[in-house]
Structures are given as C-alpha cells and as structure tokens.
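The terms are given with their cut-offs where they come up.

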Amino acid sequence: MRVLVTGASGMLGGAVARLLVDRGHSVTTLQRRPSGVDGATDLRGSITDAEVLKDAVRGQDGIIHLAAKVSFTGRAADFDNVNIEGTRRLLAAARAASVPDFVFVSSPSVANSGAALVGLGAGPADPARAHGDYARTKGEAELLALAADSLDFRVAAVRPHVVWGPGDTQLVERVLARAARRRLPLLDSGAALIDTTYVDNAAAAIAAALDRMDRVHGSAVVVTNGEPRPVGELIAGICAAGGVPAPSWAVPGAVARGAGAVVEKLWLWAGRQEEPPMTRFLAEQLSTAHWFDQRRTRELLDWTPAVSLDEGLERLAAYYSPGSASLSNQ
Amino acid sequence: MDPEWSREVQVPSTSAPDAPGTARRWHILDNGPQLAAKGLAPAGTLLCVHGNPTWSYLWRTLLAAGSDPAHPWRVVAVDQLDMGYSERTGTFRRLADRINDLGDLTAALGLDGPVVTVGHDWGGAISLGWALAHRDQLSGVVLTNTAVHQPAASKIPPALRLALHPAVHQWGTVTSDSFLRVTHSLAHPPLPADIRAAYMAPYRGAARRFGVGNFVADIPVDGTHPSFPALTGVAEGLRGLDVPALMLWGPRDPIFSDRYLKDLVERLPHAQVHRFEGAGHLVAEDRDIASPIFQWLAALDPAAAARPAPAAEPATGAEPWGAADFRPLWSLLDEQAAGPAGTGMAVAEMAADGSTSRQLSWQQLDRKILDLAAGLAAAGVGPGSRVSLMVPPGVDLTVALYACLRLGAVVVVADAGLGTAGLSRAVRGATPDVIIGIDRALAAASVLGWPGRRISVRDLPAARRRILGVETSLDTLGRPVTARPEPHPGQAPDKPAGQAGPDAPAAVLFTSGSTGPAKGVVYTHRQLAAMRDTVASTFGIRPGSRLVAGFAPFALLGPALGAVSVTPDMDVTAPRTLTAGALAAAAAAIDATVVFASPAALRNVVDTRDGLDEAGLKVLARVELLLSAGAPVPEPLLAAVQQLVPAASLRTPYGMTEALPVTDISLEQIRGADAETAAGNLQGGGNGVCVGKPVHGARLAVIPLEADGTAPGTVPVTDPGVTGEILVSAPHVKDSYDRLWLTQQASAGLPGWHRTGDVGHFDAAGRLWVEGRLAHVVTAPGGPVTPVGAEQAIERLEDIRLAAVTGVGPAGTQAVVAVVETVPPARRAGPAAPALAGSVRAAARTAGVEISAVLVVPAQPTDIRHNAKIDRTRLSRWASRVLAGGRPGTP
C-alpha cells in the first residue's frame, strides 16, 4: 500500500511513518524539515503549497495527515493558514487524485470547552467553544475533513490525547525543563485524572484506522492508553524518568487558569516567540480531569494499546539514562 | 408534553352551584384518541385528579407511559373547574361539588370500563369521592401525598394555617401568586425554570386564581366547616373499599406528612405503600412515579378487581397460637420460668465497677413481662400498635420487647447506631403509635417532633413529664394493678388478650443504611421464631447456655433461646467501647459459655487485653463459643481473639438485617479455605471473604453479574467461581420492607428468594465468598470489578489499615480508585504519594484489579453501628470530585 504521511518530522508523525515502513508499506513523507524516517520517500515543502500537494498525493492509496501548527501561542492567522487552509487544500488534492482513504489526525481538545472530561466519548468538534487557536483551527479542519467523507473518499478523524514518549518536545521536555528550574507547580492537589497516549500506541491506532476505514470512516475517535492517572503522579513519573525532582509546590487551579490567560495576552502583546511559562490551556490541562471512554475506539479500530503507561515510563527512563544510545544520538 | 393530549369538553353540570342546564368547559389531557389512532386497546383508564394549585400537567409522565405500546392505558388527567385551563365559573365549589363535577365529566366522556383513580393533594380526596360513587367500574386507587382526615389529636399543618388566616388568605392565594410559588418550591430537587413556568402558566393574573383561593378556603379545619361532612363521608367510606390501592409518598412534605399516610394506611390496610425518602409534596416531579404505577397496574387484573370482591383477608392471620409447628418467641422463656430453673438468673446488667447492677430470675422476668403487657394493654396498646423502643439493651428493653410481642404490638427497633438524622428519618417513616424511651430518646423525640405517644422508662417528675409530653412510665404500667394468683407449677401463665397471629407483623428492624437511607425491615412472629430456631440449631445455644450479649440484635434473643443473658458495661451505640475487663466481668457474673460481640468491639477487647487480671483470663478461658457478626472479621483479629478465649470455637456468621444468620464459618475453616486457595487447589477460592456454608434451613444461590454490573437474570446458580448477586431462602428471612413497596418488589422478584444486594460466589466446596455490595460494583471497561478481593490484597500491605475500592466516571467505563487509610494516618486527604500509589497498585494487581488512582484519607467514613462499613456512596462522590480536579477537603 502506498501511503502519504504529512508532518513526519514530529514525534508522532515520525512514529507513524516508521511503523508503516516496518509493515512493508511504501511510505512518502511530506513536511518542511527532513523527516528522518529511514525507508520513506521524503518530500519537503509546505502543506499550504498546492503544487507540492499535487505531487505528494499522486498515486497514493491512503493519506495520514498530521502536519499542523501546534503551539500554545502564536498569531491566529498562522493557525488558520496551516491548520484550516492546509487541510482544505490537502483534501482537495487528495480527492482530485482519487486517493480513496484519508485519516485526519486531530485532538480531543477540538470538542473540549475547558470543563472536566470524565470518561467521555468523542463528541463532535466544536470550534466556537474550543479554547485557543490550536483547538479552534483543528476543530474547523476536522469538521471540513469529516464533511468530505463519502464511500469513494473515506475520511476518519483520530484524536490521540496527550501523546508522549522519548523525544517528545510538547509534554515531556517542557515538564522536565520546567521542573529542573523549579518552575513547574502542581495545580490544586494534582489529583485530576489525566489519560495520555504513549507514542507507539498512538501510531498503532492511527495505522489501525487506515486498516479499518470500512468501519471507522465518517467518525472521530479519541485514542488514549486507557490508563487515567492523577496528573501529579504522571508528572512525578515523567520527572523520575528524566532524572529531575518532581514539583513540590502547588497553586490553586483557578489562579493558574486566570494567570495563564493574562500571561498569554502579555506574551502576544510583547511579540515573544518562545512559549510563555503558563498558559490558560496548559493550566486547564493540568487542573481538570481529561479521560475518555475507550470502548468504542477499541472496537472500531480493533486495536488495544501494546505499551502500558508504566512500561512507557520505563522506556522514557532508558532514553534519558546517562550513556543511553538514544540520548547521545541527539 | 405532547400537544395531542390536550382537549376541551363541554360538560352538562348537575352540581349545586350551577343552575340546571348549565354546561361547563373542561380542559383535560387525554391520550385516548392517540391510542385509538395507533390501534392500541387500553387495559383501562387512569383518572388523574390534581390538587391545589397545580393542574393536569402534573400527570404528564403517566400520559406518556400510558401511550407506550408495551402497556397501553388510557389516561384522563383533568383540570378541575376554576383551575388549570378549565372554565373560570365565578362560583364557589366545595368538596361535594367537585366530586359531583368529576362524575359529570366522566359521564360526559362516556367513560366506561375499569377505572383506576389517581389523586394528589386535595385531588386525592376528590378522586376517592368519585371512586366511592363509581364502585362498579373502580379497579384500584392510587394516592400521592394527600389526606382524607384531620387526626383528632393534631392541628392542621402550620403552612395551611397560615394560608387560611384571614389576613393572609386573599392576598396569599389570589391577589398574589405566593401560594403557587411556595408550592412549586416544595420540589426536591428544585424544579427547572421551564417546568415552574408551565405550572404557573394557567394562573397568571389574579382573575385566574379565584379557584386557588376557594380551594384553600374549602379545607375543613374543624367539624363546623361546610365541607366537613363530605370529607368525613370519603374518609369513612374508604374503610370498606377493598380494591387494590397504591400509595406513593414524598415524606419531605410540610403539609401532607407521614401522619396522613399513617391515617390512610389504617383505612386501607391492604394498600401497597412506597415512601420515596427525600422526595416531597410534588412527588410526581421529584421521582419517577410512572414506572411504579405501571408496574403495579401490570399485576392488577382490571376486570377481576372491578367485580365486587369478597372482603379482603385481614392482614393478621387467623391461625391460633397453638399451631403445632409454631412456638412463639417467648415459649422457652415460659418454660424456663415454669421449670426447675425458674428461680435462677435469667437476665443481668453489669455496672462499671464489675458488679451486677440488676438481675432477674426467669420467674421474675416472666412476671414483669406479663405485668407490663397488661399495663400496656390497659393504656391502649394492642395488636398492630407500633411501639418504638428507644431503650438500650438490658433488662428494661428485654421486658418491654417481650411485653409488646406478647400483646401483638409491632416493635420498632431503631437504634442510635443510625446517627441522629438516620434515626429521625427511620422513626418518622415507621410512624410509631407509642415511643417508649429513656430520657435522652424522649428529649430527641420532643425536639425532632417524632410522632407517637410517649412513655418513659422510669417515673419522671411532673415538670419533666410535661416538657417531654410523657404520659406514663414502664415502671407505672408494670405495677400489678390487682394481685394476680401465681400460676400453678406446670400451668401456662395467663396471657394478655388480643394477640396477633403468627403471620402478623411483630417487629420492624432497620438496616444500617450503608447503601442509602436505612430501610425498615418487617418480621412476622413466625419469622422471629424461625430466627431463634436457626440460631439455636446452628450454634447449639439452648436452655442452660450462658451468654454475654455485646452485640445488640443478639442481646434480645437470649431469653428466647432460654439462655441466661448478661449485658456488659459498654456504650452499645459505640461497639468499640467494650473493654477486655468489662467483657471478663460480664462473663464472670454468669460463668459464661457464649460471647456475642461485633468486630469493632472485639478489636477494642484485644487492644485492652493488658487490663485483664488472672481471674479475668481464667473466666474467658472457659468460654466455649464466640460469635462475631455485623461485618467481616479479619483473620489476624480472630487469631488475637483466640488467644483470649483459647477454648472457644470462633464463629463469624454472615447475614444481614433481612436474614440473620445466613452462613456460618469457624476460624479453623477460614484458615483451611485460605490455605486451599493459596495452594491453588480450590476452584472458586479467593476474591472475597469466605463466610462458609448456609446455616440450618437456609439455601443460597447467585444470579450471575452482567458486564454492566447488574444481575438481571432469573436463573439462580451455585456453580463455583460464578460471581453474582447473592440470594437467600430461609424461614427466617424478613417478611417485607416497611412502606417500601418498590424495594420489596425488587428484593422478592424471584419467588422464594430474597435478593441480598451483596455479590459473591461459591467455591467447589460449597462455601460462599462475599465480594461486596452490588451497588458498589465498579463497572470498568474490562468488566465489573467487585471491591472486596482487591481491598483485602491492599490491606495486606504493612502501612494500610483500611482500603475501599470504588469507581469514578460513567458506568461501563469507570476508572477504578483505591481510597486508603494509612498507618500512621495521613494528615490531609488527597492523592497518594507516587511510592504508596505504586505499592497499592501492585497489590491490587495480584487480585486482578487495575487501579487508576490512589487517594489517601486521614480516616475512612464508617457507619456508627458497626464502625466497619465504609460509606462508599460518600467516598465515591468525594473521589469523583477530587479526581475531576476539585479541592480534596474531607470525604
């Protein structure tokens, strides 16, 4: 099978591409930076460039679309352009080239208005109520993608929740960097239950979606490890794996959410490029429960996570252990 | 609400306020045309009558249920004249008129075939008036929070008195919408805004509210009121009404409180009654009443019920006491008094200094019981009277209990172990006619406004009597009025007149309320006698046995077993106040052979064993049997107890308020089962507490648990290793739940079995392993998780004292949570430190359970009665809040 993977320079995109290569598929990767995936044909270019897309989709049997602007901050127009317009163009190109299957990799945040998520399934994307430009634009893009679903052009949305693993810059590195500088508080008591997804599990679920398009097309599924843990324990586990002390101070979640919103605005106003120390999105993620009903997902995808949370943390620890081969490669 | 149901009817009136030839416009909700259009033939008609100030909207759930093709019933819900969307007549219509109006309406509708009336508030009296006038087509009556009679001794409720006050009446009911607003505010939980608006809609503007004011003015406050005769006619007419009756009640009602329910139950003793604890006046809004009503209708044969039926069997059976297979609870007590042991000690109470503070011989006990029974009978206590006994275990309670039973009165045993709020709920729900109590209980009765006449234990000074509303005392009632001849040896003592039959209710006991409000459990005399026989044959307790009763329920059984009983010095409301010294002193007083104690009491006995002297150790060494019931007893505790009573067989029967005991097991048997399980050669061993085999005369089975954590099946099984809801069948299983018809239906749904609400399984040797409560089963995505197995595994960890496994999140995909109390206890509640969480998770994994979160609490919330049952409902609510990101606080 010939598969195009967009956004393969990221941790999850790379893992998906590698998994498909390992399974003997003919994989093309498309992103601005080199994907670093051995055995894949690497195309370089922007997801917003129609000519690039036309080349990339030609002759493909399936597309897995991960390329996106992922950030807590940034200009709204940039998010719109990459996440919404990029997806719209890729969908158009795929349809024009008669690619039969399209997996849109999304995020549970597209259906989250900030309240605690306790054992919920995958609700419809709701960009109007989503918090932050990332969730809003991914939500719009998911709606576009699922609206394009038909028997000739099957589209499914897979929403892995908080993907982490060795080499993860989104969660793991941030937690470790902040904890090392003692700039990571626990919010409230750190009891909020959070489900996460070890990167290999997320990749396997996305690959499974492509295998199961007959059943999953037209719908969105949330993917997690199915192992909710108190957020404080999770962060302590990541810190232990990374060899830094776990956070020992706590601030009330409501304070952090309020402060995060203010800091975001100041950061934008000041035109700073790096991530701010606290954002409203991050504060919400760390102080309210986020875990999901995985029964339908597992049934539709005929998939179960192969790597448990504890095993994932062990692999993380191995990655960060001094002298580890993976670390010296960096 | 389905707009198709709404229609208007022109009805020729024959009521007094209207000139002949007048027709009135009625608005009704009627699903009849809809049923006809769907081709559904209704089984009959529900005629629903609202009260003041609501309208037919109150019954919308019944219309929806009646339109269900699974059980089609025509439902006609009327808006009474001057009410709802019916005509404003400008007349004052009294109760008799309104009953006649309803007859006019049904005549105009041509309503034929079987009819079941449904009424609420004053609509209840009107619906019953119609029912009595249409006996030929009446199949049943349903009543919700209503009344037909003002009990002579009591005043009308303050809320109504206020509404009737001349200074308030016009303004409160007509000029303003206060009466409507206040009524709508009686809903628990509060009504959503749209429903409140719907109730208000037909009553906007004073001109539309005259009916509301007239309704209030028509309440017959006393015998001179014009509507008094009509209401009395309805109330008295009910006594002959033998159609099936269902009463659904919200006891949180400032107007139609439990005393009106009691009055109705006395008039319709065959009625099925369900009190929805926590629901109020608008019970149709607070709870789903449609499902129980249609469940009840399903059992009704409208055609049969509509025929004039022969008088219903009285609730009290006619079987005489002498029936060969039945020996009343006190028969051994009688025999002991009449026999050679008659002058020997029967009951005793211990004082704090280790001496006997009170004691009675068998003859004295028997005499006192008969004297008190005579005194109570003279005071008007008779068969069926409900007598609440609020007296701590000991001689006084024993005498009062057996006196009441001999009289045929129903003893209500609500203990302080329910906590003040729980006790108050229990007493109000049971509506005793008489409360017999110690000072503290009577003070509580006075403050909390419990119903019933008051009798103190001791004679009280006049002033105190007045304050507490006490009529008399047990001391006074028990004094022989005239000298009675002593019975000749061998001759049965004279018995007070008017006993009830063996199948009449004898006692109402209360569950500990670990899964919701405490439930009243009704036992008949035959069932109490069967309990005695089961205890006697299972444990070999017989006349001549001498027992220390450190566990309240069994304290009362001693005299019935013919055993000498002593109550140790302890606060019976707090089991853990029993010390080793107090136990030894009580044992020494009677040279005890048997000890009953709860696990919490035993724990304290073990903790205080250093206080025992040589003599104390010696007397305990002669104990032959030690029974501990009420909660599971951990094996290490039993082992420690065994050291104190080296000669005793340690037994931990399993049972519940509804059936005591159900199984029995000894310490040796527990060890044997554990060893076999550990060795891996016992199919079905493990995952729970091994409680042994059924007691004499009992049968056990389970209904297998489904993936959603329920046990909906109907085929009882006993295969080893199959987890399910535990069923028990035995002659000493309870008769029913008191005024909890729905609960009773659910518990007795499988004929011949009682559903215990516990879950467990059998092993290959036929022993039962209890895995927890059905209501506490966690429905994880991988299947149901029963809590006890994982809890035991966690509690084996060095630093854990008590563990509770519960679930958070939606049913079917719950995250499993362990809440632990550590040694030493944590200072604050919250998530466990990662290391502790890791070890708890690993321990639970050995029992096959994957834990998401581990929370620590400084102390588990446990029940008062047993000090052992963790309040999981509360814990689970707390865990849900904390794990969703809320502040921990305390559970």
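## Basis

A residue is buried if 20 or more other C-beta atoms lie within 10 Å of its own, exposed if 12 or fewer, and partly exposed in between, with C-beta atoms placed from the backbone. Helices (H or I, at least four residues) and strands (E, at least two) are DSSP runs, numbered from the N terminus.

The model is predicted: local features need pLDDT of at least 70, side-chain atom pairs count only at pLDDT 80 or more, and totals for chains, interfaces and linings use all residues. Residues are numbered from 1 along each chain as its sequence is written, while chains are lettered from A and ligands numbered from 1 in the order in which they are written.

## Strand β25 of chain B

In strand β25 (residues 689-694) of chain B, five of the six residues are buried, so the strand is largely enclosed by the rest of the structure.

Two strands pair if DSSP finds at least two bridges between them. Strand β24 (residues 659-664) of chain B pairs with β25(B) in the antiparallel sense over two bridges, and P694(B) in β25(B) has T663(B) opposite. Strand β30 (residues 768-773) of chain B also runs antiparallel to β25(B), joined by three bridges; here L768(B) in β30(B) is opposite G692(B).

## Chain A

Chain A holds 13 helices and 15 strands. Of its 330 residues, 55% count as buried.

The axes of helix α8 (residues 231-242) and helix α12 (residues 309-320) of chain A come within 7 Å and cross at roughly 30 degrees (axes are lines fitted to C-alpha atoms, for helices over the stretch in contact, and angles run from 0 to 180 degrees between N-to-C directions). That makes α8(A) roughly parallel to α12(A) (angles under 35 degrees).

Definitions and conventions. Parallel < 35°, antiparallel > 145°, perpendicular 65-115°, else oblique.
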